[in-house]
Amino acid sequence: MSRIFSGIQPSGEVHLGNYLGAVRNWVKLQDEYECLYCIVDLHALTVPQEPQELPRRVAEAIATNLACGLDPERSIIFVQSAVPEHTELCWLLTCLTPIGALERMTQFKDKAGGKRHSVGAGLLTYPVLMAADILLYKADTVPVGEDQVQHLELAREIARKFNSTYGPTFPEPQPLLTAGARIMALNAPEKKMSKSLPGSYISLAEEPETIRQKVMRAVTDVGPQGNEMSPGVKNLFTILENVAPPDVVKQFRDAYASGTLRYSDLKQTLAEELIRTLTPIRERRAELLTRPQELQEIVAAGAARARPMAQAVLAEVKEKMGLGRLL
Ligand code: TYM
């Protein structure tokens with residue numbers, strides 16, 4: 001059976017882009033693969049986090065993922081910092097990774113902007129920790145949104161470099177994308193929907209009224225586009241296709257093609273379909289958050305299953321690199 005690894009940062013609210021691009025797919029894959037799903041708290045530290053707030057955010061991320069349908073009976077669900085082998089492998093792989101490859105990462109360039117020399121070095125080495133997450137379990141399949149594809153290319157390069165230097169060890173992990181792999185910001189459809197862009201996202205904990213407001217305010221036409229659908233409208237159609245029955249989508253596609261589509265109708269229907277999809281998640285999430293002890297037990301059990309797997313691979317890696325022995 002192929003093995004899956006994927007992760008999500010607890011650096012803000014889990015949003016519709018995370019759900020359609022990744023988490024919903026994680027849920028479906030649980031029967032076909034051996035799955036490890038990780039709340040990557042160490043990745044979240046690459047940007048400043050309040051120590052008083054981080055535990056709540058981790059708890060919310062766990063609750064949201066469970067509410068979406070991740071099942072601790074079928075998947076290993078755990079928090080990254082509970083398995084310290086991630087950071088140890090990260091160091092070993094950092095020594096194999098060219099700085100130039102890290103500096104070329106689009107996400108680094110976007111996040112560091114003009115402050116390359118003052119941001120934390122973790123922002124640069126972030127993709128090595130991500131490679132370590134995956135390779136530590138020899139996972140071969142990684143369900144993610146499109147924004148992570150470049151990081152996965154680097155993970156494959158790192159795996160190849162390790163294999164050619166120290167002998168065949170790691171599979172080259174492949175991305176698995178969904179039809180919702182790139183959901184754009186509602187208020188700025190040329191950018192991706194993101195927790196760090198206020199007004200861009202719908203959280204999975206959003207109340208129906210807020211969902212309606214956010215959808216109704218979504219940017220549609222941002223200027224003359226010729227015959228091309230504008231990025232905002234295209235994005236609303238992408239979301240609709242992911243949450244509404246095919247006949248509803250067809251009705252709006254036909255209206256668009258014949259020039260009779262009213263954006264307000266499209267938005268109203270989209271808002272109601274989103275509410276229908278997200279309400280059970282919001283309710284289950286709220287209910288799970290009333291039992292933090294149970295969440296704690298779930299991730300402790302997940303870490304207890306993940307750790308021996310991680311320890312075995314790390315031991316193999318150290319042995320191959322000539323570490324931990326005198327002769
Ligand atoms: P993160 O926390 O930013 O996002 C979690 C998942 O959601 C996807 N995603 C989106 N998909 C579609 N449209 C969007 N607008 C959108 N925004 C986010 C992301 O692609 C991701 O799959 N580096 C990762 C976490 C990570 C990881 C890993 C992933 C750490 N280690 C190992 C896979 C394997 C991240 O920051 O995801």
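Glu32 is exposed, with a relative accessible area of 53%; by the convention applied, exposed means over 50%, buried under 20% and partly exposed in between, using a 1.4 Å probe and protein chains only. The residue sits in the loop between helix H1 (16–29) and strand S2 (34–39), where helices (H or I, at least four residues) and strands (E, at least two) are DSSP runs numbered from the N terminus. Glu32 and Val219 are 187 residues apart along the chain, and their C-alpha atoms are separated by 38 Å.

The model is predicted: local features need pLDDT of at least 70, side-chain atom pairs count only at pLDDT 80 or more, and totals for chains, interfaces and linings use all residues. Residues are numbered from 1 along each chain as its sequence is written, and side-chain values use heavy atoms, with hydrogens and water left out.

The protein chain is assigned domain 1 (3–180 + 292–321) and domain 2 (208–286), with bounds that come from an automatic or database domain assignment. A distance of 31 Å separates the C-alpha centres of domain 1 and domain 2. Eleven residues of domain 1 are in contact with ten residues of domain 2, contact being defined as heavy atoms within 4.5 Å.

The largest nonpolar core holds 58 residues, of which Leu16, Ile62, Ile202, Ile239, Leu270 and Leu274 touch the most other members. A nonpolar core is here a set of buried Ala, Val, Leu, Ile, Met, Phe, Trp, Tyr and Cys residues joined through side-chain atoms within 4.5 Å. At least three residues of this core come from each of domain 1 and domain 2. Another core, of 46 residues, lies apart from it and includes Val40, Met130, Leu152 and Met309. With neighbours within four places in sequence left aside, Ile202 is in contact with His15, Leu16, Leu186, Met193, Ile211, Lys214, Val215, Leu274 and Leu278.

Helix H4 (residues 85–94) and helix H13 (residues 292–321) have axes that come within 10 Å and cross at roughly 25°. H4 is therefore roughly parallel to H13, as angles under 35 degrees count as roughly parallel, over 145 as roughly antiparallel, 65 to 115 as roughly perpendicular and the rest as oblique. Axes are lines fitted to C-alpha atoms, for helices over the stretch in contact, and angles run from 0 to 180 degrees between N-to-C directions. The H4 residues Glu85, Glu88, Leu89 and Leu92 meet Arg307, Ala310, Gln311, Leu314, Val317, Lys318 and Met321 of H13.

Gln80 occupies the loop between strand S3 (75–79) and H4. This residue is buried, with a relative accessible area of 0%. Beyond neighbours within four places in sequence, the contacts of Gln80 are with Cys38, Ile39, Val40, Asp41, Leu42, His43, His86, Leu129 and Asp133.

Ala131, in helix H7 (residues 121–135), is also buried, with a relative accessible area of 0%. Not counting residues up to four places away in sequence, Ala131 touches Leu93, Ala155 and Ile158. Ala131 and Leu152 are 21 residues apart in sequence, with a C-alpha to C-alpha separation of 7.3 Å. In the loop between H7 and strand S4 (141–143) lies Lys138, a residue other than glycine with a positive phi, near 50°. Lys138 counts as partly exposed, at 27% relative accessibility.
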